[in-house]
Structures are given as structure tokens and as C-alpha cells.
Amino acid sequence: MPATTTPTTTWFVTGASRGIGLELVRHLLTRGDNVAATSRSAERLKVALGGTADTGRLLALTVDLTDEAQVKAAVQRTGDTFGRLDVVVNNAGYGYLAAVEETTAQDVRNMVDLQIAGVWNVLRAALPVLREQRAGRVINISSILGLTALPGWALYCAGKFALEGLSEALAAEVADFGIEVTVVEPGYFRTSFLAPDSLALPAETSEHYPAVRAMVADHLALQGSQLGDPAEAAAAIVERAGLQGGPLRQVLGSDAQAFATAKVEALRANLDATAATAARTDFPAA
């Protein structure tokens, strides 16, 4: 399939100072692409890159994604600096592990503000540019927990499930403008995602959810031994971005593939179980 990216592609990447976002920026700079990379601290991003990439084509931006004006200004500056915008990557996010009952109203607002409202801010700013060009790609970094849910991950899953629905609708809306959408669904990757300073936990816990406490302990212990290689994830995302057509979803990791397969099988069993009764709520045929 032919490439949709230009010889020097311009990327706009959020959540770029750590994890897969950081690896993606490093990979893109090594390729010689233009990269506008946002984080809560542009200096932290530059420090994280260190001397591992030529930053001559990097536009590091400190942006609060929940601030629509800041996001719009960042997208505008990207166009002013590089002359175009080709690929938008919504990567910013964080993990949150707690039982539903332990999750405060502020916890919910914080997650929705970043994972949903923040993405919407980026899309409202970037889509007019891509639409005018009649070309481009939006890459939304979801998670395998955007397809299936685990106890203790309810708030994180809620954000990612919402991102999946947004992405499906968006893909249909913008197809006629030559804009493609990809939803990336990683499994467990060896980033700092599960580190104590990255994984958000509830301020107060309940003695009634010992299984959730055990899951938290297991996940913190998993840090540093996750199956996935973030550098390989970055390379796979870039490769997919350069291809026209193909599936909406990009599953990354054999663990993610296993989770997704199990979800599809469970959904099929559910549909089979309700097939005989689903039509009972229809009005009788005339």
C-alpha cells in the first residue's frame, strides 16, 4: 500500500515526556521527521531525550491539554514552524488503580478532563488543518483496557472505552476528507506506567476490596518486567501511520492480542445467549 506520509512528515504528539510517547518522539527524530511534542514540562521532555536524538527538528511545547486555548496555540505554532501537519498522536494519559467505590468525584473529573476533553481539544484544533489539506492521520493511543475491563481499572477503562467510541465515530466522519484514524491498543509495555510516581492510587482505600489491593501490589511489582518493548511499539506505530487503509485498531503485544481474543469470544457467547430473546422488544411487523 502506498505511503500517506510525506518525505519529511510533521507530527504532533501529546504526552511525549515518558513511555511510548517519548520513544515515539525519539524514533521520529531519528528518522528526520518534524515533531511538535507536548508535555506538562517541555524541559522534562528535553532532559528525557538527552543526547539520544537530534533535536533540530523538535518543537517542545509545555501544554495543559485541558486548556483549549493552549492546545489551539500549540497546533497553530506547529503549523507556523513546520508549514504543515500530517499526523496527530493523542498519547497523554495515566493509570489509575482503585475500586469504583474508592474513586472520588475529583478523580473522575481529572481522568475525563485529560483522556476525553483533552483529546477533543486537540481534535478541534487539528482537524480543520487536516481537512483543508485533504490528508492526514489521527492516532489515538488507547489500551487493551479500552476493549476489555479488569477489576480495579474501572476509571482508566472508562476513559479508554470512551476514547474507542470517539475514535470509531471520528473515523467515519473524516474519511471523506482523506483523513485516516488509527486506535492503538497496547498491552503491558516496559515503561514507567506502573511506577509509583506514575500510577495514580486512591487517597483512601476500603478494607472491603482486598482483591483490588492485591492487584495493585501485583502491578507495582510488575514494573520493569513488562512484556512489551516501547521502542518496538514506536516503530510499529510509525510503520502503520505510513500505510493507507487497513484496520481501525492496531493491537500491540501478544498479551493484548490474547486479551482481545478472549473479549471477542465472550461477546460472541453473550450474543448467542441473547439471540432468541433480543427481538421480543420490537414492535410487531405490520
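The expected span of a helix is taken here as 1.5 Å times one less than its number of residues, and helices (H or I, at least four residues) and strands (E, at least two) are DSSP runs numbered from the N terminus. The structure is a predicted model, in which local features need pLDDT of at least 70 and side-chain atom pairs count only at pLDDT 80 or more, while totals for chains, interfaces and linings use all residues. Residues are numbered from 1 along each chain as its sequence is written, and side-chain values use heavy atoms, with hydrogens and water left out.

View 1. The 21 residues of α8 should span 30 Å at 1.5 Å a residue, which agrees with the 31 Å between its end C-alpha atoms. Helix α8 (residues 254-274) lies across β6 and β7 and runs at about 120 degrees to β7; axes are lines fitted to C-alpha atoms, for helices over the stretch in contact, and angles run from 0 to 180 degrees between N-to-C directions. D255, A256 and A260 of α8 are buried, where buried means under 20% relative accessible area, exposed over 50% and partly exposed in between (1.4 Å probe, protein chains only). Seen down the axis of α8, these buried residues fall within an arc of 130 degrees, so they line one face of the helix; the arc is that of the directions from the helix axis to the C-beta atoms. They pack against β6 and β7, in contacts defined by heavy atoms within 4.5 Å, whereas the face turned away from the buried side carries the exposed residues S254, E265, R268, D272 and A273.

View 2. Seven strands form an open sheet in the order β3-β2-β1-β4-β5-β6-β7, with parallel pairing; two strands pair if DSSP finds at least two bridges between them. The edge strands, β3 (58-62) and β7 (249-252), each pair on one side only. From one strand to the next, the twist averages 15 degrees. Helix α5 (residues 154-174) packs on this sheet, where α5 touches β5, β6 (179-186) and β7, and its direction makes about 160 degrees with that of β6.

**View 3. The pairing of β4 with β5.** Strand β4 (residues 87-90) and strand β5 (residues 136-141) pair in the parallel sense over four bridges. V89 has I139 as its bridge partner in β5.

**View 4. Helix α7 and its two faces.** With twelve residues, helix α7 (residues 230-241) reaches 17 Å from its first C-alpha to its last, close to the 16 Å expected at 1.5 Å a residue. The buried residues of α7 are covered by elements including β1 (10-13), α1 (19-31), β5, β6 and β7, while the exposed residues E232 and E239 are carried by the face turned away from the buried side.

View 5. R26 is placed in helix α1, where R26 is buried with a relative accessible area of 16%. The side chains of R26 and E23 are joined by a polar contact of 3.0 Å, a polar contact being a pair of N or O atoms within 3.5 Å; within protein, one must be able to donate a hydrogen and the other to accept it, and residues adjacent in sequence count only if both atoms are side-chain atoms. V25 also lies in helix α1 and is buried, with a relative accessible area of 0%. Leaving aside neighbours within four places in sequence, V25 is in contact with V13, A16, V35, A37, L49 and L58.
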